Amino acid sequence: MKSVFTTLAFIATGALCAQTTTEKDSVKDKTNVLDEVQVSNKKKYIKVESDKTTVSIKDNAMLNTGNAYDAVKKLPGVIAAPTGGLSLNGRGVSIFIDGSPSTLSGSDLENYLSSLPANAIEKVELIYNPGAAFDANASGSVINLVTSNKRLKGVNASFNINYNFNKYQKPSPQILLNGKEKNLSWQTMIGYNYIDREQRSRNGQTFTSFDPDKSIIQERLTVTTNRNFYARVGTNYKLSKKSNLLFNYNTNFGNDRDVFDATTTGSEIANYFNNGTNKTKSSNHEISLQYKTKLDTIGRTLDIIAFANVFDRNPDSKANALENNIGSYNDFRSDFGLLNYYLKYDVAIPFEKLKLSINTGGKFNTIKVNNTGFYNLNNPITDVIDFDYKETNLAFYAEARKKIKKFSFTAGLRFEDFKVDRIGIVDNNRTDINFKNTNWFPNVSAIYEVADNVNISASYSRKISQPNYGVLDPNGSNFDQYNEATGNLALNPSFIDNYEFKISAMDFIQLGANYTVTKDQNLFLFNAEPGQLVSTQTFQQFDKFKTFSAFANFPIPLDYFLKGKEEFKNRMNNIDKMNYIYLNINYIKNVTTGYDFSFESKPIWNYAAQAQIILPWEVKSSLTYFILPAGGVWEIYKIEKAIQQFDISLNRDFMNKKLKVGIHAFDVFNQNEINALVSGTNLETKFYEKNDSRNFRISLTYNFGNLKLEKENTDIQTEKVKAGGGLVK
């Protein structure tokens, strides 16, 4: 046992950790900055703490070659649901970027993350049970993407290009400029993504309201072209030794196209052929201004943030169909707009002698959404569906942390006053739904330090999940004779109770379990009206949804076993020279109250591994593999065939690490596909989806300028990231 702990201590000291030493103050004098860099100059990839896990992205060859969405899906405990969306250790997640909660949802959020290159992300924080400083609408967990924040003296630049190979071949270039002159630090990132891909899907559907049952098979091939221009600008002006003024502006412009061919066949119907084109233009603008200051010499700080986000999307679809040699058409377009803005403040008040700290703050947030859809289905008369959504939220919170010997306690309370107005106009019928709610959301946690680098923690938090615009909007897509997709205006907000127990050791080992009880859970499913041969994709409310999950993350230090203890000691100070495997195991069991399954609800198992193997000629190989075996039930979907993927990446540095060259292969064995059985009202669906996930990429990055690091905290930290259980030093 002693030798095992000795081995773990070697790893913890040397390599398998996630981020550099946490910045404690937003403004440090030059001497302190240099001291911090000298202490934490070892490259670290994964760090496990009691309240969060931090994973380095930019310097991690396993994660930094694709887009942000691909990188997030490979993080420990993160699982991409078969029907879309992400979960963390079995619980729903909210996506934050630089501490700011993303207003986008569904495919809009996925497209946004897919447009953001992974090497623009410095690190990702997996926050399992966020405290009162986070919005109560943060659901079960938070994934916070922290973009690059390095500021170097003079002017510096990095040029990166990814060339993607599948059936199509497209480049994605990017340039990063940053610099520092006197009191002004700045950074500019500009890039362009151009990606083509295919998706094949098949739905075998049985309509059970007929006697006997009727069945149809629907198949679809979609070729998607994504073109996206993005720019990210950030500045930090040091007003004084105690105060900083930070400004960020981020923008994205998308121009996407889907070309599809579809068929519907069945014993009761003639063959139905459908083809068409969807074109979507979108733009996203985010602007934030933050004032950070130290109020005194004992560590009291004040942050004030103003943030605004404007998003527009304009899809235009034209489809043609043929059945019994009779042609038809289905034209659709919509004008979607989203406006989100808020003003918030945070105050930190430490009492070092008492080993006590108090954080408090407030926030006022407004979200407005409008989507007007115009439909022509075999008729020159245009049908209009109009959707309006407005949410205002006033919130205040207080959170205290206290350390007593080896125990650290956190207790917080958040007040939120929601007012939500939903208006839907379909076929000239107007539906108004108003929701007003005032609630208190508590959180408590306790951490016990068993030994150095070994902690046991337990936590509880209560959250709310407002149905986002994507699940409410009555506008839909893929309307034809046998399919329709629509939102559900009548959904209630979900209230969530989260319980978690966890053991963290040596900065990289994690064993834990969580239990979540959700009232009025909203789930996506396929339904059919009695006597109708039409599949409706929508969201449905379930009275109660319970999730139990257990998880384990731990490394296998290959050098210790293959090279011996002495060689392992020599390599542990430089992770670039180490051979290791990092394993993640998840067990997830869902129980849905008030829903009759046509199959037994069995738990999900998910296994993932990331490995680094050093090859001759200083070539570093990175390998990732995950598998979600068949037989388990995800929410209400039974996995019929294992979902799995194997990736490999070869990387080498040249010219004193100024030039980085990589060759990457994704889904080498072409096994990543979804086969699921979905049980709905009057309908059972065998769902199949296959993306052309096997593709290859060549990446090239060249850095020039002054590479000597002088680091400052210049992030726009619009939410408290270290909250809900951090230790008080």
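Is Thr 538 buried or exposed? Before I answer, note that this is a predicted model, in which local features need pLDDT of at least 70 and side-chain atom pairs count only at pLDDT 80 or more, while totals for chains, interfaces and linings use all residues. Residues are numbered from 1 along each chain as its sequence is written, and side-chain values use heavy atoms, with hydrogens and water left out.

Thr 538 is buried, because its relative accessible area is 11%. Buried means under 20% relative accessible area, exposed over 50%, and partly exposed in between, with a 1.4 Å probe and protein chains only. Thr 538 sits in strand β25, residues 535–556. Helices (H or I, at least four residues) and strands (E, at least two) are DSSP runs, numbered from the N terminus. A polar atom of the Thr 538 side chain is 3.0 Å from the backbone oxygen of Thr 486. Apart from neighbours within four places in sequence, Thr 538 contacts Thr 486, Gly 487, Asn 488, Leu 523, Phe 524 and Leu 525; contact means heavy atoms within 4.5 Å.

Next, Gln 532, which is in the loop between β24 (509–527) and β25. Gln 532 has a relative accessible area of 41%, so it is partly exposed. What does Gln 532 contact, leaving aside neighbours within four places in sequence? The answer is Phe 207 and Phe 210. Gln 532 and Phe 207 are 325 residues apart in sequence, yet their C-alpha atoms are 8.2 Å apart.

Now the cores. A nonpolar core is a set of buried Ala, Val, Leu, Ile, Met, Phe, Trp, Tyr and Cys residues joined through side-chain atoms within 4.5 Å. The largest has 62 residues, and those touching the most other members are Ile 57, Leu 75, Ile 95, Ile 143 and Leu 145. Helix α3, residues 68–73, gives the most to this core, with four residues. A second, separate core has 31 residues, including Ala 81, Ile 216, Ile 604 and Ile 639.

In helix α4, residues 106–115, the buried residues are Asp 108, Leu 109, Tyr 112, Leu 113 and Ser 115. They lie on the same side of α4, because they cover an arc of only 160° around the axis, taken from the directions from the helix axis to the C-beta atoms.

Last, the whole chain. The protein chain has seven helices and 35 strands, and 54% of its 729 residues count as buried. Of its contacts between residues at least 6 apart in sequence, 68% join residues at least 24 apart.

Terms used: A polar contact is a pair of N or O atoms within 3.5 Å; within protein, one must be able to donate a hydrogen and the other to accept it, and residues adjacent in sequence count only if both atoms are side-chain atoms.
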